[in-house]
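Subject: Structure handover

Hello,

Here is the structure I said I would pass on. Please look at it first, then read the notes below.

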Amino acid sequence: MELKYYFRLFQKKLWLIVLIVMIACAATGIRSYYMVTPVYTAAVKLIVNQPSKSSKMGTDIKKIQTDMMLIHSYKEIIHSPAILNKVVEQYPGLHASTRELSRVSVAAADNSLLMSLMYTDTSYERAVNNVNAISNVFKQQIPKIMNIDNVTILAEANLNGSHVPINSNPQMDILISLFISLMFAAGLVFFLDYMDKTYKSEADLEADLGLPVLVSVMKMKKQRRKRKRPYAASDSKAGGEQYATVSQ
């Protein structure tokens, strides 16, 4: 009985549910496609590993440990003016200031010789050019700064590679909006039904009062209320007397 009641309730309020879902999805789509400025990230992979001519295992392990310790220093060196000022000097076509280039971020996993340089910008092309320039200058300057040449570029950022915004996914946003709006619409339908204290049927009245219904007045349709009047008075006179006609 309850399932049938809720089914009829949702069927009756289907227009409200559809309206709420359509408005929510349309608003989310407009925001995702037209109101959010896309942000892109370009990345360069580096490896910190000095080539060794020694074949001794112990020497290689010590060298690897040293390279891993240097990574923490390299993170700070990349953001230093010694690197960023050189980038501005060597790549004037970037039209980027030292402050803008300082947005580059460096990530390195624990117990790993790999480093990732990542640059975020509203233009993917500008992000690619900036992070590639920073990585090239960093590789060139490390031997002069640290007196050790142990940085190799594994993979540069590819300008023609596939890229998607990191701050917006319109398809996923619309799906999430669809789910949330459905939940909200269902809750609203339940709330409106709970707040509605009117009786919808004789069964509701019997269940509430505990008394049987003896008489019910059916709702008259509008077409039936527009019937012609059964009697129409006439002012016509026949032989000087008034009379009334009955219209069928």
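Residues are numbered from 1 along each chain as its sequence is written, and side-chain values use heavy atoms, with hydrogens and water left out.

Confidence and overall make-up

The average pLDDT (the predictor's confidence in each residue, from 0 to 100) is 81 for the protein chain, and 78% of the residues score at least 70. In residues 236-240 the pLDDT is below 50, and this stretch has six contacts beyond near neighbours in sequence; contact means heavy atoms within 4.5 Å. Residues 243-248 also have pLDDT under 50, with nine contacts beyond four places in sequence. Where pLDDT is low, the predicted coordinates should not be read in detail.

The protein chain has nine helices and eight strands. These are DSSP runs numbered from the N terminus, with helices (H or I) of at least four residues and strands (E) of at least two. Of the 248 residues in the protein chain, 25% are buried; buried means under 20% relative accessible area, exposed over 50%, and partly exposed in between (1.4 Å probe, protein chains only). Counting contacts between residues at least 6 apart in sequence, 70% join residues at least 24 apart.

Helix packing

Two packed helices are described by the angle between their axes and the distance between the axes. Axes are lines fitted to C-alpha atoms, for helices over the stretch in contact, and angles run from 0 to 180 degrees between N-to-C directions. Angles under 35 degrees count as roughly parallel, over 145 as roughly antiparallel, 65 to 115 as roughly perpendicular and the rest as oblique.

Helix H1 (residues 2-12) packs on H2 at an angle of about 60°, with the axes 4 Å apart. H1 is therefore oblique to H2. On the H1 side are Phe-10, Gln-11 and Lys-12, which meet Leu-14, Trp-15 and Ile-17 in H2.

Helix H2 (residues 14-35) also pairs with helix H7 (residues 170-195): their axes come within 8 Å and cross at roughly 150°, so H2 and H7 are roughly antiparallel. By class, this contact has 16 nonpolar, six polar and one charged residues. Here Ala, Val, Leu, Ile, Met, Phe, Trp, Tyr, Cys and Pro count as nonpolar, Asp, Glu, Lys and Arg as charged, and the others, Gly among them, as polar.

The axes of H4 and H6 come within 9 Å and cross at roughly 125°, which makes H4 oblique to H6. Residues in this contact include Ile-83 and Val-87 of H4, and Ile-134 and Phe-138 of H6. The contact divides into eight nonpolar, three polar and one charged residues.

Loop residues

His-95 sits in the loop between helix H4 (81-90) and helix H5 (98-101). His-95 is exposed, because its relative accessibility is 72%. Its phi is near 55°, a positive value in a residue other than glycine.

Asn-147 is in the loop between H6 and E4 and likewise has a phi near 55°. With a relative accessible area of 69%, Asn-147 is exposed.

Asp-149 lies in the loop between helix H6 (124-146) and strand E4 (151-155). At 45% relative accessible area, Asp-149 is partly exposed.

Regards

Technical notes: Predicted model: local features only at pLDDT ≥ 70, side-chain atom pairs only at ≥ 80, totals over all residues.
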